[in-house]
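Here are a few notes from a friendly read through your model.

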Amino acid sequence: MDPRESVEELPISLTVILPSMDETWSLWETVQRIEKTNHTDVLEYLIVVCKHTTRECRAVAEELAATLPDRVRILEQQSPFLGGAVRDAFDVAQGSHVVMMGADLETDPATIPFMVAQAQRRRAAIVTATRWKGGLRFEGYGLLKLVLNRIFQGFFAMLYGVELTDLTFAYRILPTDLVRSIHWEELRHPFLFETIVKPLQLGVEVIEVPSFWQNRQEGVTHNTFLTNFLYFRTGLKTRFRSRRKLLKRIQ
């Protein structure tokens, strides 16, 4: 490699993490839409399944693996819950960056090209989607939930001293080296919030890209309303953690 070539000019490679429980056509559609726009950027799709994943969902995952045998891997998760699924995927990801998103089309695949463009320019940064820029980008989000979400975003943006608008929308591209260096603690849905507040506490740059959210059209959510209040615990305790406690110990 030419020593004059900057790191930013090197192409990134993506591991797209897709935790899957009961998604069928939406899982298929997610992969196909990314293939149309970012085929050359994706090194692999990691479809993470567990003992609760439906037979129909597994069948779609296997069909995708047969269709894209060199780039679709099915990962049987070992750690419990959603956070455990993503953490397991972090450990085996082969790309330079990981993509956190859903398999249910709540995370719009059309945003991927814009996120990749930013990640390419700032390889050490996290690129995260926001539903609060460029107009109100929610569909099927209750009014009370919308108001509470806005208050939550403002509070934690102020607490962490950032101008970010959507800390809880876990649609992100993160450097693989970064996610492997952090000591993750959460296993349930608050893990999604942990993946932004711990990097912020470490001083990692975060770039927002406008995106659109719509309520899933297939399957059921596995996040309860009361679980959302656990995000406060995650955000508050992380804000006062030292750098040493946020990073894994070197063996």
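1. The open sheet has 7 strands in the order 3-2-1-4-7-5-8, with mixed pairing. Strands here are DSSP runs of E with at least two residues, helices are runs of H or I with at least four, and both are numbered from the N terminus. Two strands pair if DSSP finds at least two bridges between them. The edges are strand 3 (72-76) and strand 8 (206-210), each of which pairs on one side only. On average, neighbouring strands are turned by 25 degrees against each other, direction ignored; axes are lines fitted to C-alpha atoms, for helices over the stretch in contact, and angles run from 0 to 180 degrees between N-to-C directions.

2. A word on the source: this is a predicted model, in which local features need pLDDT of at least 70, side-chain atom pairs count only at pLDDT 80 or more, and totals for chains, interfaces and linings use all residues. Residues are numbered from 1 along each chain as its sequence is written, and side-chain values use heavy atoms, with hydrogens and water left out.

3. Strand 1 (residues 14-19) runs parallel to strand 2 (residues 42-49), and 6 bridges join the pair. Within strand 2, Val48 stands opposite Pro19. Helix 2 (residues 55-67) packs on the sheet and touches strand 2 and strand 3, its direction making about 145 degrees with that of strand 3. Contact means heavy atoms within 4.5 Å. Helix 4 (residues 112-121) also packs on the sheet; among the strands that helix 4 touches are strand 1 and strand 5 (126-130), and its direction makes about 150 degrees with that of strand 5.

4. Now to the interior. A nonpolar core is a set of buried Ala, Val, Leu, Ile, Met, Phe, Trp, Tyr and Cys residues joined through side-chain atoms within 4.5 Å; buried means under 20% relative accessible area, exposed over 50% and partly exposed in between (1.4 Å probe, protein chains only). The largest core has 36 residues, and Val16, Leu18, Leu27, Tyr45, Met101 and Ile173 touch the most other members. Helix 2 gives the largest share, 5 residues. Apart from this core lies another, of 34 residues, including Phe156, Ile182, Phe191 and Tyr231.

5. How many aromatic pairs are there? Rings of Phe, Tyr and Trp (its six-membered ring) pair if their centres lie within 6.5 Å; planes under 30 degrees apart count as stacked, over 60 as edge-to-face and the rest as tilted. By this rule there are 13 aromatic pairs. Phe90 and Phe191 have ring centres 6.0 Å apart and planes at 50 degrees, so the pair is tilted. Phe90 lies in helix 3 (residues 81-92) and Phe191 in helix 7 (residues 190-201), so the pair ties together parts 101 residues apart in sequence. Phe90 is buried at 2% relative accessibility, and Phe191 is buried at 0%.

6. Tyr141 and Trp213 make an edge-to-face pair, 5.0 Å centre to centre with 90 degrees between the planes. Both Tyr141 and Trp213 are buried. One aromatic cluster is made up of Phe152, Phe155, Phe156, Phe193, Tyr231 and Phe232.

7. Two arginines deserve a look. A charge sits over a ring if NZ of Lys or CZ of Arg is within 6 Å of the ring centre and within 35 degrees of the ring normal. The charged end of Arg188 sits over the ring of Phe81, 3.8 Å from its centre, and that of Arg239 sits over the ring of Tyr160, 5.3 Å from its centre.
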